[in-house]
Amino acid sequence: MRSVKSSMKGWITAAARLTLAIVIVVQGLGLRAGWPQEPAEPRLDEEITKQEEIFRRRGAGVPRGYITDRGLADYAELLPTGFCDALGRLGSSDRWLDIGAGDGQAILDYYAPPDSAASAESCARSSAKASAVAISIEDRQTDKWRQRAGSLGDNRIRYLSGKSLRHYSIEELGKFQIITDVFGGFTYTADLSRFVDKVLNLLELGGSFYTLVPGVHLEGGDKLGTWYLTELENAAGRPEKVCSWLKKTTCVQVTCESKSDWKRPTELINIRKTCNDTSVPRMKLLEFKAGYPPDRRFQLEP
Ligand SMILES: C[S@@+](CC[C@H](N)C(=O)[O-])C[C@H]1O[C@@H](n2cnc3c(N)ncnc32)[C@H](O)[C@@H]1O
């Protein structure tokens, strides 16, 4: 007859094996404490539909935090050092793409008449202006935009809407010396690596992408007690910084400016394309919660 002690030992071993099996399965599914542990796909679809509904809101329905009318002076403050000078250096045959342009106010300021207040901003100083393309999922063109586009003629400024960046072909948009994104696609996309890949394909050699990401782990270190909006992790599930991930891309030079004292820790990012064979390490979407901006979590694919 087996003793009580040996049957207890057997029971404990079985329990330990079961616990280990559960841990392995949970880790394999990429689940983590703090995120709701439901089947991922239907929840993601639901949240992405909610996000599209936020983009569509109009008038009083637009949430206060969803700002669509930042001007060029705001862009100069929010984008990395060097953006204004680079924009000022563009000539009339060059091209600027603003992804997630909202009302297109930054481009309107760039094209403001020379004697206006907006033109006094350093970014708008040069007399030769690049042609500019504004992209927004929802159409937020204003009468001001239509009038200015009409008076400039010759497609100097264009407003494209109705779909997100990934649905445009390179042939449709052409290539650009400067691409900007201020709380646009880079902050809102559910497919971060594909987004960056598309941006790099749209950049001319030597061209630059200027953007920012709010609520991320900063290259220069984090403050305690931060609420993160965009979280990245490596293939082993350990935190990955947005800048260290971007620096793994081939044929680019990435510069980051960490703003740890802003309301949300924010990374200002400049990506310069140095050769044509760009390749962005894939990030898989693990979690997406609609918002302005949304909460997102991605994991680097092995
Ligand atoms: C909060 S508004 C920002 C508008 C403007 N940049 C500003 O700062 O005032 C977000 C903009 O990003 C656009 N957007 C979000 N995701 C996008 C994507 N994947 N492709 C193109 N536009 C996108 C929205 O349609 C909207 O125009």
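Predicted model: local features only at pLDDT ≥ 70, side-chain atom pairs only at ≥ 80, totals over all residues.
Good morning, colleagues. In total, 22 residues surround the ligand, and the closest are R70, G100, S136, I137 and E138. What is the make-up of this shell by class? Twelve of its residues are nonpolar, seven are polar and three are charged.

Let me turn to individual contacts. The side chain of E138 places an N or O atom 2.5 Å from an oxygen atom of the ligand. Backbone N or O atoms also take part: one belonging to I137 lies 2.8 Å from a ligand oxygen, and one belonging to T68 lies 3.4 Å from a ligand oxygen. On its own, the ligand has 600 Å² of accessible area, and the protein covers 97% of that.

I now move to the backbone. Most residues other than glycine have a negative phi, and most peptide bonds are trans. Where does this model depart from that pattern? The loop between α6 (143-152) and β3 (157-161) holds D154, and N155 is found in that loop as well. D154 has a positive phi of about 55° without being a glycine, and for N155 phi is likewise positive, at about 55°. Are these two residues buried or exposed? D154 counts as exposed because its relative accessibility is 71%; N155, at 54%, also counts as exposed.

Finally, the peptide bond from Y292 to P293 is cis, with omega near 0°. P293 is in the loop that links β10 (283-289) and β11 (295-300). Thank you.

How values were computed: Residues numbered from 1 in each chain as written. Heavy atoms only, no water. Near = heavy atom within 4 Å. Polar contact = N/O pair within 3.5 Å; in protein donor to acceptor, adjacent residues only side chain to side chain. Areas by Shrake-Rupley, 256 points an atom, 1.4 Å probe, with all protein chains shown as cover. Nonpolar A, V, L, I, M, F, W, Y, C, P; charged D, E, K, R; others polar. Helix = DSSP H or I, 4+ residues; strand = E, 2+ residues; numbered from the N terminus. Buried < 20%, exposed > 50% of the residue type's maximum accessible area, 1.4 Å probe, protein only.
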